[in-house]
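I opened this model to see how it is put together. These are my notes, in the order I looked things up.

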Amino acid sequence: MKEPIEVRIDAPEYEKLFNYLFPGDGDEHGAVIVAGIVESDRGTRLLARKVILARDGIDYVPGQRGYRALTAKFVAEVSNYCARENLCYLAVHCHGGKDKVSFSADDIASHERGYPALLDITRGGPVGALVFAKNAVAGDIWTPSGRYQLDRMTIIGANIRQLYPSPRKRSPIANPLYDRHSRLFGDVGQEIFSNLKVGIIGLGGGGSLINEWLSRLGVGHIVAIDFDRVELTNLPRVVGTKSWEGMSWLTQSNIPWLKKLGLRLSPYKVHVARRVAKQANPFIRYDAIIGNIADEQTAKLLVDADFIFLAADSMQSRLVFNALVHQYLIPGIQIGAKVPVDKQTKQVGDIFTATRPVLPHAYGGCLHCHELIPPGRLQQETLSLEEKRNQQYVEDDSIAQPSVITLNVKSAEPAVNIFMMMFAGLHKPEAKLYHQIEFVREHRIEQVEPRANKDCLDCSNSDRSRRGRGDRVRLPCRMAKVT
Ligand SMILES: [Zn+2]
Ligand SMILES: [Zn+2]
């Protein structure tokens with residue numbers, strides 16, 4: 001298994017666990033976290049799907065060897081559940097203390113007695129144990145190929161928090177370039193940004209702004225995904241494009257093959273974005289991906305990201321983005337701007353811009369639960385041009401939509417500020433990350449009450465949902481064409 005090993009958990013589930021372990025009685029309590037898993041070059045993430053509390057005196061009782069232990073019956077029930085659902089088993093208990101924690105000799109001895117058998121029952125697990133203090137966590141993780149220590153736990157809420165077995169060494173002084181940032185986030189904060197991997201889906205008007213701001217913020221690694229090339233009409237909005245890159249003298253030609261040549265010579269949007277990012281930060285790691293998030297090989301590039309911005313317009317990209325957020329416990333934000341124009345009268349309607357944070361739990365802003373991925377429109381997108389003609393769709397997306405850079409700013413700006421406050425830990429505890437719609441013609445901002453369906457296949461904990469399952473279920477990508 002690739003190290004470092006991280007456990008990820010959403011804030012509501014962590015809060016439930018924390019309140020159960022530390023009710024104020026100073027005693028030990030127990031639970032199990034059932035988790036999915038994702039392995040990549042960056043390490044291994046165990047993705048907490050559900051916390052199962054062990055009832056004091058019933059499931060968690062005075063032990064024969066240690067102070068307390070989970071009963072054999074409880075362990076059998078939960079480990080069988082993990083075997084059936086193809087999930088990992090992580091036993092949890094607490095010790096006293098605050099900022100530092102480690103297993104006792106009794107704890108270690110009990111792992112050595114029990115975990116080889118649990119690995120068999122759960123068909124390879126991994127299985128293991130976590131021990132918590134109020135502000136620290138340590139872990140002993142078992143796999144068929146070896147035993148590993150937990151590096152950290154990441155709690156995903158309005159603020160991203162990390163817990164370690166003991167306080168970390170002070171971070172190095174940030175590059176003087178970022179002096180004005182460090183005065184806000186501290187050197188620790190600036191170091192956090194430099195270690196982040198952030199995905200941007202769509203590098204048009206909104207995405208290109210996000211790209212520039214993230215690279216100036218000092219984000220260490222950006223994965224930019226877009227299949228489009230720059231066109232003449234993009235120049236007023238796409239950050240970093242140069243006037244000749246629209247290839248206007250060719251694309252406006254009346255000679256078809258010259259026009260075609262122009263379209264083929266113009267640069268890809270992700271390559272323009274990479275140039276902008278490298279100018280802002282020459283040390284940035286930049287993956288410019290010419291591709292579509294609807295394809296599995298492209299979507300897979302984001303399974304170990306720390307954050308995902310969705311600035312593309314299609315329903316398919318919403319579908320895959322929402323799945324990535326929930327299946328891999330990665331927070332994200334969808335942005336967009338809409339200028340409705342009446343087809344007959346040509347009158348401009350209610351212009352609005354949207355910034356929609358999505359956190360990986362129920363009531364976290366799931367795009368399905370907010371009815372932002374209507375099945376009809378999703379299906380319509382997958383039809384070929386010919387099929388659309390046959391079904392006589394009046395195609396909205398074949399008609400060019402109005403668009404202007406200042407409206408892109410309105411949806412992108414709150415998104416990047418939320419991202420920044422989140423990782424710098426600067427949101428106040430009462431801050432709520434609701435979907436936000438700005439009606440530009442009224443100067444009115446509306447917060448949307450969060451919604452959740454109890455059997456949503458993305459954000460719920462129903463047995464059929466993908467939440468926290470990581471690599472153990474497929475993403476809803478389109479099937480690869482058989483050649
Ligand atoms: Zn213990
Ligand atoms: Zn949902």
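**Entry 1**

I am working with a predicted model. I started where the domains meet. I found 15 residues of domain 1 in contact with 15 residues of domain 2. On the domain 1 side, strand 1 (5-10), helix 1 (11-21), strand 2 (30-40), strand 3 (43-54) and strand 11 (160-163) each supply at least two of the touching residues. I sorted that side by residue class: six nonpolar, three polar and six charged.

Then I checked the bounds. Domain 1 covers 5-163, and domain 2 covers 176-228 + 268-448. I took the centres over C-alpha atoms and got a separation of 34 Å.

**Entry 1: the nonpolar core**

Which residues have the most contacts inside the largest nonpolar core? I read off L90, I308 and L324, in a core of 117 residues. Domain 1 and domain 2 both give residues to this core, so it lies between them. As background, nonpolar side chains in soluble globular proteins tend to be buried together.

I listed the partners of L90, leaving out residues up to four places away in sequence. L90 touches V32, I33, A35, L46, G128, A129 and L130.

**Entry 2: L17**

I picked L17, which sits in helix 1. Is L17 buried or exposed? I counted 22 other C-beta atoms within 10 Å; the cut-off for buried is 20 or more, so L17 is buried.

**Entry 3: strands 1, 10 and 11**

I followed the pairing from strand 1. Strand 1 runs parallel to strand 10 (residues 152-156), and five bridges join them. In this pair, D10 stands opposite I156. Strand 10 also pairs with strand 11, this time antiparallel, through four bridges. Here I155 faces R161 of strand 11. Strand 10 and strand 11 make a hairpin, with three residues between them.

In what order do the eight strands of the open sheet lie? I traced 14-13-12-15-16-17-18-19, with mixed pairing. Strand 14 (285-289) and strand 19 (444-448) stand at the edges; each has a single partner strand, so one side of each is left without a neighbour in the sheet. Ignoring direction, neighbouring strands are turned by 15° against each other on average.

Next I looked at what packs on this sheet. Helix 8 (residues 269-280) touches strand 13 (221-225) and strand 14. The direction of helix 8 makes about 170° with that of strand 14. Helix 10 (residues 315-327) lies across strand 12 (197-201), strand 15, strand 16 and strand 17 (352-358). I read its angle to strand 15 as about 165°.

I zoomed in on one pair. Strand 15 (residues 307-310) and strand 16 (residues 332-338) pair in the parallel sense over three bridges. L310 stands opposite Q334 there.

Most residues other than glycine have a negative phi, and most peptide bonds are trans. I noted departures from both.

- The peptide bond from E3 to P4 is cis, with omega near 0°. P4 belongs to the segment before strand 1.
- G125 and P126 are joined by a cis peptide bond, with omega about 0°. P126 is in the loop between helix 3 (105-121) and strand 7 (127-133).
- R123 has a positive phi, near 55°, and is not a glycine. R123 is found in the loop between helix 3 and strand 7.
- H443 has a positive phi of about 50°, again without being a glycine. H443 lies in the loop between strand 18 (435-439) and strand 19.

Are R123 and H443 buried or exposed? I counted 11 C-beta neighbours inside 10 Å for R123, which counts as exposed. H443 has 7 other C-beta atoms within 10 Å and is exposed. The cut-off I used for exposed is 12 or fewer.

Note on methods
Residues are numbered from 1 along each chain as its sequence is written. Chains are lettered from A and ligands numbered from 1 in the order in which they are written. This is a predicted model: local features need pLDDT of at least 70, side-chain atom pairs count only at pLDDT 80 or more; totals for chains, interfaces and linings use all residues. Domain bounds come from an automatic or database domain assignment. Two residues are in contact if their C-beta atoms, placed from the backbone, lie within 7 Å. Ala, Val, Leu, Ile, Met, Phe, Trp, Tyr, Cys and Pro count as nonpolar, Asp, Glu, Lys and Arg as charged, and the others, Gly among them, as polar. A nonpolar core is a set of buried Ala, Val, Leu, Ile, Met, Phe, Trp, Tyr and Cys residues joined through C-beta atoms within 7 Å. Two strands pair if DSSP finds at least two bridges between them. Axes are lines fitted to C-alpha atoms, for helices over the stretch in contact, and angles run from 0 to 180 degrees between N-to-C directions.
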